[in-house]
Amino acid sequence: MRAPWPGLSLTFVPSALTVAAALLLSPTMAALAQPATPTATTLFRNTRVFDGERMLPPQDVLVSNGVVVRLGQSITPPTAANVVDGTGRTLLPGLIDAHTHSFGEALQEAVVFGVTTHLDMFSDFAFAQSMREAQAAGRATDRADLYSASTMVTAPRGHGTQFGMTIPTITSPDSAQAFVDARIAEGSDWIKIAYDDGRAYGMGMPTVDRATLQAVIAAAKRRNKLALVHVGDAASARTAIMVGADGLVHLFTDSAADKDFATLVATRKAFVIPTLVVLKSVTGVAGGAPLVDDTRLRPYLTPASRSALAQAFPRRAGAPALDYAIAQAAVRELHAQGVPILAGSDAQNPGTAYGAALHRELELLVEAGLSPLQALSSATAIPARVFSLNDRGRIAPTLRADLVLVDGDPSTDITATRAIVGVWKAGVPIDRASVAQRVVALSARSAAAVTVTSLDNGLISNFDSGKLAAALGTWFPSPDDLAGGTSTGRVDVIDGGAGATTHALSVSGTITNTLPFAWYGAMWTPGTPPMTPMDLSQFKGLRFEAKGDGKTYRLMVFAQSRGTMPIIRTFVADAEWRTVEMTWAQFGVDGRDITGIVLAGGPQPGAFAFVVDGFRLVAARETP
């Protein structure tokens with residue numbers, strides 16, 4: 001056996017990339033949060049009201065035409081008004097998740113859990129633009145609203161370039177203003193800069209230098225845009241504040257903050273989005289795991305969401321020790337100094353799920369020293385004020401009727417935010433009952449996952465029948481048109497295989513630049529029906545032969561436990577047949593719930609062609 005092809009790289013791809021691929025075959029949340037028929041007027045009777053800052057005593061709240069009309073005692077309901085009993089319950093403003101990466105159906109998933117606004121910190125700018133257009137036209141009552149940084153500012157090969165999306169990068173301070181202006185022209189609501197060399201995670205990657213960071217921040221402020229900085233370690237956080245960042249996106253777990261760090265942030269009038277739930281996952285403890293069995297949330301958690309919440313980031317060999325208590329202490333000190341703390345989940349990273357993870361973030365903020373009321377403000381009035389969303393985040397006359405009704409009193413028990421009775425978006429109720437029904441169906445399907453018992457030495461396809469056949473599962477083309485792309489191609493079985501075989505799988509086409517994560521490829525799904533999870537853990541990974549035009553191609557692995565976020569590796573297909581081999585461990589999964597594998601061209605635009613043969617699963621101990 002020839003040695004595996006060297007130089008394979010491991011990257012995580014955001015759910016944007018292959019949500020579209022997954023849409024091809026799997027039930028999604030698209031139909032789960034469809035709006036009910038709007039009721040012109042709703043009266044919430046005798047409910048506690050958290051107005052974004054204070055808890056008000058039980059009273060009535062009248063909503064009409066998408067806005068709050070009046071708060072008071074014994075309001076007479078207008079004719080045909082829908083009356084909702086709030087006795088023993090609390091009415092909250094719709095929650096605002098101040099740190100997400102919103103792709104695919106994130107916004108539909110989030111609203112089911114009372115998150116009515118996403119502040120997105122990096123996504124496809126075209127997706128963000130289309131979401132804003134729908135919001136402006138009043139076509140977003142079935143999902144959370146989206147405001148976004150769109151494309152983040154980063155160095156070549158820096159953080160943000162590893163996600164399968166071709167994005168512009170910056171190399172020097174003198175191009176800062178033009179770079180920022182281009183992002184604003186794309187629709188960025190604020191500017192986010194990556195200032196992280198990966199040292200805290202045992203990685204090494206380029207990042208902008210201090211001078212460029214400072215220049216980009218200044219360029220954003222000249223255009224009256226907030227400048228937010230992604231950091232991964234304590235030293236970078238301090239530098240970002242020193243050079244003028246308006247806010248920090250994440251805190252750190254590598255080393256304790258300097259004694260004057262909290263005072264410095266307060267003096268510079270900056271804010272912080274700690275993302276504690278994901279920082280806990282970074283230290284190896286799944287941040288959202290306690291949500292999985294919470295009976296108040298579980299009926300609305302898809303199998304993929306439950307699996308994602310139970311995941312933690314894998315620890316890299318040689319990575320320094322990380323301590324969640326460092327981040328927790330930093331929040332406590334920042335809060336004591338009066339620094340605005342905003343609740344953000346960083347969904348959909350390991351340990352998170354859209355919507356649900358924000359409830360865990362609120363709990364962690366309380367554990368870090370905020371009172372329950374202060375934590376509630378961190379997900380309502382404070383992010384609305386910081387990001388100038390003046391129509392939401394509070395319950396008051398003339399403001400949007402984005403509302404969440406919960407059983408109990410979250411001012412005494414922050415986890416009461418999970419006991420959701422109902423969610424209203426611009427006064428329109430979200431049909432959560434249909435979501436629960438769909439989750440039951442998805443859970444039944446997940447339980448049907450099967451285990452491979454026998455294959456001929458792991459061989460899936462050698463294509464020698466001349467057909468696109470597999471000993472297990474199904475092959476089919478995977479185009480990007482489901483995500484609005486225009487890439488084209490062909491998946492064929494051709495004459496001439498590797499070694500003694502007679503045929504091979506040919507994948508060819510043209511990648512266009514319609515999408516930054518464009519692709520065209522061939523997908524293999526092991527289960528029946530397609531995208532059913534299958535236990536392949538008795539195998540250590542996969543192997544195939546490849547040749548082609550010398551370009552770099554992508555191999556994407558889907559696992560149910562990773563939700564809609566696959567992991568991507570790359571391989572080079574040159575003029576000679578080469579063996580490509582990878583283990584499940586290299587993808588950060590154990591092989592127990594594989595739903596699909598894609599071999600694809602892109603995202604670089606242009607023509608491509610490669611050929612694959614001998615596609616097989618590799619046993620832990622191969623037969624001689």
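A residue is counted as exposed when its relative accessible area is over 50% and as buried when that area is under 20%. The model described here is predicted. By this criterion, alanine 80 is exposed, because its relative accessibility is 72%. The backbone of alanine 80 has a phi near 70 degrees, a positive value in a residue that is not glycine. Alanine 80 belongs to the loop between S4 and S5. Serine 74 is placed in the loop between strand S4 (67-72) and strand S5 (82-85). A positive phi, of about 50 degrees, is found at serine 74 although this residue is not a glycine. With a relative accessibility of 66%, serine 74 also counts as exposed.

Turning to the overall organisation, the secondary structure of the protein consists of 14 helices and 29 strands. Of its 624 residues, 60% count as buried. Among contacts between residues at least 6 apart in sequence, 73% connect residues at least 24 apart.

Nonpolar side chains tend to be buried together in soluble globular proteins. In the present model, the largest nonpolar core comprises 87 residues, and Ile193, Val229 and Leu334 have the most contacts inside it. Another core, lying apart from the largest one, contains 49 residues, including Leu542, Phe558, Val598 and Phe615. With residues up to four places away in sequence left out, valine 229 touches Ile193, Tyr195, Leu213, Ile217, Ala240, Ala245, Gly247, Leu248 and Val249.

An open sheet is formed by four strands in the order S10-S11-S12-S13, and their pairing is parallel. From one strand to the next, the twist averages 25 degrees. Strand S12 (residues 247-249) is paired with S13 in the parallel sense through three bridges. Within S13, phenylalanine 271 is the residue that stands opposite glycine 247. Helix H5 (residues 210-222) lies across S10 and strand S11 (227-230), and its direction makes an angle of about 175 degrees with S10.

Helix H10 was examined for its length, its buried residues and its ends. The 13 residues of H10 should span 18 Å at 1.5 Å a residue, and the end C-alpha atoms are 19 Å apart, which agrees. Buried residues in H10 are Tyr324, Ile326, Ala327, Gln328, Ala330, Val331 and Leu334. Leu334 is also among the residues with the most contacts inside the largest nonpolar core. The elements that cover the buried residues of H10 include helix H7 (261-267), S13, helix H8 (276-282) and H11. At the start of H10, the backbone nitrogen of alanine 325 is reached to within 3.0 Å by a side-chain oxygen of aspartate 323. Just after H10, glycine 338 adopts a positive phi of about 85 degrees.

Two cis peptide bonds are described next, together with the loops concerned. The bond from alanine 347 to glutamine 348 is cis, and its omega is near 15 degrees. Glutamine 348 is located in the loop between helix H10 (324-336) and helix H11 (356-367). The peptide bond from glycine 602 to proline 603 is also cis, with omega near 5 degrees. Proline 603 has its place in the loop between strand S28 (594-601) and strand S29 (606-619).

Serine 487 counts as buried because its relative accessibility is 6%. The side chain of serine 487 makes a polar contact of 2.8 Å with the side chain of aspartate 480. This serine 487 side chain also reaches the backbone nitrogen of threonine 512, at 3.1 Å. With neighbours within four places in sequence set aside, serine 487 is in contact with Asp480, Thr510, Ile511, Thr512, Ala518, Trp519 and Tyr520.

Conventions. Residues numbered from 1 in each chain as written. Predicted model: local features only at pLDDT ≥ 70, side-chain atom pairs only at ≥ 80, totals over all residues. Heavy atoms only, no water. Core = buried A, V, L, I, M, F, W, Y, C linked by side-chain atoms within 4.5 Å. Buried < 20%, exposed > 50% of the residue type's maximum accessible area, 1.4 Å probe, protein only. Contact = heavy atoms within 4.5 Å. Polar contact = N/O pair within 3.5 Å; in protein donor to acceptor, adjacent residues only side chain to side chain. Pairing = 2+ DSSP bridges. Axes fitted to C-alpha atoms, helices over the stretch in contact; angles between N-to-C directions. Expected span 1.5 Å × (residues − 1).
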